[in-house]
Amino acid sequence: MRISRKKFIALAGLAGTSIILPGSNIYPYKKGFKGNDINGKASITYRKIKLNLGHTWTISRGSTDFKEDVFVFYEKDGITGIGEASHMTGAGQNAYRTIEELKRIIPVYLEADPFKFYNLTDKVNEEIEEISPAKAALDIALFDWLGKKLNIPVHRLFGLDPDKYVDTSFSIGFDKPEILKQKVQEADPYKILKVKLTNRDDEEIIETIRQVTDKPIRVDINEGWIDKEEAIRKIEWLAGNGVEIVEQPMPVSMIKETKWLKERSPLPIIADEAVNTSKDILPVAEAYDGINIKLMKSGGIMEAFRMAIIAGTLNLDIMIGCMIASSVAISAAVQLQPLARWLDLDGSLLISNDPFTGSRFHDGHWIMPEEPGIGVKEMPVSR
Ligand code: MG
C-alpha cells in the first residue's frame, strides 16, 4: 500500500506514543511498568461461605451434605478478581486450615506485580510446599483480575480456542440401589455419568445404574482396588458394560501394579490422587494413559497450564476435574476446557445454593464465558 509522505510522517509520529482506541483490548505497556507502583496497592480480603449439597455425598473416604469454601477477593485499581478455595473433603483439609494458609501467602500476592504471574507459584511454594486450595484461590483471583484489567477472558491469556469443548460427566455418589436409580434419573440433563466405586459391590452398582440408563459411564475408584488380578477382571467386565475410563484404580504407592494394569486394560487409566502438580507427572507417566488436572490440587490456573504442557509431551491425555465448588472454581476450570479430552466439571451442579453465576451449562457441556476474567458474578440474593 502506498501512502503519502504527509500521512507517513503523521503515522511515524503516532508510532512513538501509546494510543489506546476507545473499546480497544490493548493494554498500554510502558517500559519500567510495575503493577503495584503505577496504579496503587492491592488489597486482599476473604470470606467463608457454606455450600449446601443437593445430595449427601459418599465416596470411599466418607460422607458429607455441605461444605464451606473460602472466597478470595483481590482488589486493585478499582477492579476485583474473585477466587475460591475448595478443599478436598476427608483429606485433612477444611476451611479453617485454608484461612490459616491464606494468611501465610497473602503477603506474597500483596507484594507481587500481577503481570509477572509466571513465577509467582515459586514464591508461594516457598511459603507453603504442600497442596493447598488457598494457593488456588489466590491464583484464580489474580487471573480473574488480570482478565478484567485487560478486558479479555482468561482463556485468551493462554491462547486457547473457546469453541473447543467436550461434554462433562456428572458424578453419582455411592448409595442404596433405589437412591442410585433416583440420582441417575435426576442426572437427565447430563450425557455422561461418573460413578464412584468403593470396592464394595462394584458390579452391582453398575448393574443397578444400567437398569435405568445406557449413557456412557466413567468410574472413579479413588485408590480402592488393591489386587491387580481382580482389578483387571473388573475393568474387563466394566468395559463390556459401557464404562469408558477408569480413574485412579489402585493406591498411588502401587505404581508397578498400576503400570501392569495399564498394559492390559482395554480402558484408559487416569491418574488423579497420583498427580497433584507438574513435578508429579514424569515419575508416573508410564503407569497411566491420562491425568486428572484440578485447580485445587495444582494450586491454580498457571500450574494447571504447566501440567497440561508436560502431559502433552509425555503423550498423556488430559482430564480436567474439580472438587464440589461454586461457579467461581468451576468457571476458572472451564477457561482451560479446550485442553481437555475428558471433562469432569460438575462441582457447581452438585450444590443447591451457588452464591455466584458463571459459565453456562447447556446441552451437556459448558459454554466458555465471554466476559473478562473467569466470567463470574456474585448473586445479589442473601445467603
Ligand atoms: Mg478422582
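How many aromatic pairs does the count come to by the ring-centre rule? The count comes to nine. Rings of Phe, Tyr and Trp (its six-membered ring) pair if their centres lie within 6.5 Å; planes under 30 degrees apart are stacked, over 60 edge-to-face, the rest tilted. This is a predicted model: local features need pLDDT of at least 70, side-chain atom pairs pLDDT 80 or more, while totals for chains, interfaces and linings use all residues. Residues are numbered from 1 along each chain as its sequence is written, and side-chain values use heavy atoms, without hydrogens and water.

**View 1. Phe117 and Phe143 pair edge-to-face.** The ring centres are 4.8 Å apart, with the planes at 65°. Phe117 lies in the loop between α3 (95-111) and α4 (120-127), and Phe143 in helix α5 (residues 133-150), so the pair ties together parts 26 residues apart in sequence. Helices (H or I, at least four residues) and strands (E, at least two) are DSSP runs, numbered from the N terminus. Phe143 is buried at 0% relative accessibility (buried means under 20% relative accessible area, 1.4 Å probe, protein chains only). Phe117 is also buried, at 19%.

**View 2. Phe158 and Phe305 form a tilted pair.** Centre to centre, the rings are 4.5 Å apart, with 45° between the planes. Phe158 lies in the loop between α6 (154-157) and β4 (169-172); Phe305 is in helix α13 (residues 301-313). Phe158 is buried at 12%, Phe305 at 16%.

**View 3. Phe117, Phe143, Phe158 and Phe305 form one aromatic cluster.** Both pairs above belong to this cluster.

**View 4. The charged end of Arg306 sits over the ring of Tyr118.** The distance to the ring centre is 5.0 Å. A charge sits over a ring if NZ of Lys or CZ of Arg is within 6 Å of the ring centre and within 35 degrees of the ring normal.

Key. Buried means under 20% relative accessible area, exposed over 50%, partly exposed in between (1.4 Å probe, protein chains only).
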